[in-house]
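Here are my notes on the model you sent over. Have a look at it first, then go through the points below.

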Amino acid sequence: MATHLSAADTRPRHKRVLPGLSLSLGTSLLFISLILLLPMAGLVMQSVDMGWDRYWQVITDERVVASYKVTLWAAALASIFNGFFGLLLAWVLVRYDFPGRRILDALVDLPFALPTAVAGITLATLYSQNGWYGDILESIGIKIAYTPWGIVLAMAFTSIPFVVRTVQPVLEELSPEEEEAGMTLGASDWSVFRRVIFPALWPALMTGIALSFTRSLGEFGAVIFIAGNMPYVSEITSLMIFVSLQEFDFPAASAIASVVLMASLILLFAINVWQARYLRRLHGRS
Amino acid sequence: MSSSKNTSSQLRVGDKPWVKWLLIGLTLFLTAILLVVPLISIFQQAFVEGIAHYFSSLLEADTLHAIGLTLLVAALTVPINLVFGVMLAWAVTRFEFPGRKLLMTLMDIPFAVSPVVAGLLYLLLYGNNGWIGSWLYDHDIQLMFAWPGIVMVTIFVTCPFVARELIPLMQQQGREDEEAAVILGASGWQLFRRVTLPNIKWALIYGVILTNARAVGEFGAVSVVSGNIRGETNTLPLLVQAQYEDYQAAAAFASASLLAMLALLTLLLKAFIEWRLERSIKLESDKEKKTTA
C-alpha cells in the first residue's frame, strides 16, 4: 500500500556485484514466513477444521451480517468524506502560502501518531451528551456518539492522512502549462480544474480513498468507544471477532476473521495492481 | 517545493484572492474541529480534577507498570523490525529475483489486516490449543496472555514501517555508489556502514520513529493477546481503556495525555526529518547538476 509514489524500476539490468543477497533475502523470507505466513496458515487450518456447514452458518449469522453492512457503509462514507477533505487539505498545502502552513502539514499526520484508543475515548467524550460537541449537536437534534454515525466519525478521523499523502506529491509535480493555457483562454477556475487538473489527480485520489477504506474496515480501537456497540445496529465486524473470542468460541472467531482477512487481502492486491499500472502510465512505459 | 512559487506571474487555478482565502479558511476551520480541538480536549480532560490528581493518577502502581511494559515492548520491537526492514529493503532494491514483487506485497499485509485479526492469528497458533501453543504448554512456556505475546503481535503490526520508508529511497538512489565501493574492495560491512548507511540515515530514523509510535500505541492486536490483567499485562493503551470503562475518566485521560505527548513528539521529529530529507535530496540533485554540467 504505497503512499509514496516513487519512480520504481527505471534502472537497467546489472550484473550482480553487490554482496549480501543470500543473507538479506534469507533473513527476509525467514522473518516473513515466521511472522506472517505461519500464523495465516494457522487461521486457514482452524477454519478448515470446522467444516463447511458450520463455517457458512457462522459467517452468515444474522448479527454478523448486520455487522458487515454497518462496517462497509461506515467505511465507505468515511473514505468518501476523506476524499473531499483530503483533496482540500492537499490543495491548500501545495498551492498556497500562509502563516501556519508547516504546522498544518505536520498536524495532518496526527491520526497516525495518536494511539487509536486515545482517539476513541477523546471522540467519545467530545461527542457524548455532556461533551463540547455533543452538547451543541444535541441542541439541534443531532446525535453522533453511540450511533452508527459515531463509527463513521471514528473511521474518518483515523484515516485522514491517506488521501492527503497520496494526492500531495502528484499535485506538487503537476506542470503548470496546460493549466495556464486554459486560464489565459478565459476558462473559469472550476472548468480548468475539472478538465485539466482533476484528470491528473484522480488516480492518486482513488488510491488514497481505497487505502482509507481498507484502513477503516479494520479499525477497532477508535471505533469501539464511540459506537455504543448495539447488536444489529452499531457493531463492527472486528468487534464480532472480539466478542466470539471472549466467549471462547475460537472457531467462530476464526471464521469471521477469515472473511475479514480475505476482504483486506483482495483490496490490498487490487490497490497494488492498480498502482503498478498507474505508475507505468505516469512514467510512460508500456 | 511547489512549482507555483517559482513560475511567472501567470494566474493559476484558485489564485484569485477570494477563492484562495475561502479554501484556506474552510481547511483551517475543518482541521480545528476535527484535529485541534480533540487534541486540546485530551489535556483539558486530563486536568479536569486538578494537577494534584493528574500526577497522583500517573504515579499509581498500575500506571507505572503499564508505562514500563509499554517501553519494554517498544524496546524489543523496534530493533527487531529495524534489522528486518534493512534486510528486506536491501534484498528487494539491490537484486532482481523471481517473486520480488510478491515479497513487497506480502510485506504490506500487516498494514491491510485488521489488528484484531492480527491478534487472533497469534492466539490461534500460540494459544494453549494451537499447533505450537499446545507443545509450548506441555513444556510450561506461556506466550499468550503474557508479555511475550504482546511483543510478538506488536512486531507483526509494525514490521512494514522501516522497509516502507527505505525502499522508495534506495530505489531512487540506485546502486552505483555501492557497486563502485565493491569494485574498490570494500567488504560487506564496510560497504553498508560507509556507503549505504549515510545515504539512508534519515529515512531509517524516520522508519524507526513510526515503528516506535505504532508499537507504543497499538491497541486492537494487543488487547486480543494480553488477557488484560491489570498491573501485569496492561500496556498503556489498554490501561486507558480499563480506566475509561471503570468511570475513572480523569485517570484515563491522564494516561492518554502521555500517549498524546509522544504523538506530538513524533510529529515534531517527523517534520524535522522531512526537512533534512528534503535538504539532502536537494543537495544530491545540485551535486548531480554540477557533475553533468
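**Notes on the model**

1. Chain B is split into domain 1 (1-46) and domain 2 (50-292), with bounds from an automatic or database domain assignment. Mind that this is a predicted model: local features need pLDDT of at least 70, side-chain atom pairs count only at pLDDT 80 or more, and totals for chains, interfaces and linings use all residues. Residues are numbered from 1 along each chain as its sequence is written, while chains are lettered from A and ligands numbered from 1 in the order in which they are written.

2. Taken over C-alpha atoms, the centres of domain 1 and domain 2 of chain B are 31 Å apart. Five residues of domain 1 of chain B are in contact with eight of domain 2 of chain B (contact: C-beta atoms, placed from the backbone, within 7 Å). On the domain 1 side, that gives four nonpolar, one polar and no charged residues (nonpolar: Ala, Val, Leu, Ile, Met, Phe, Trp, Tyr, Cys and Pro; charged: Asp, Glu, Lys and Arg; polar: the others, Gly among them).

3. Now the chain pair: 86 residues from chain A meet 85 residues from chain B. Helix α1 (residues 21-49) of chain A supplies the largest share of the chain A side, 15 residues (helices are DSSP runs of H or I, at least four residues, numbered from the N terminus). By class, the chain A side has 57 nonpolar, 19 polar and 10 charged residues.

Methods. Two residues are in contact if their C-beta atoms, placed from the backbone, lie within 7 Å. Helices (H or I, at least four residues) and strands (E, at least two) are DSSP runs, numbered from the N terminus.
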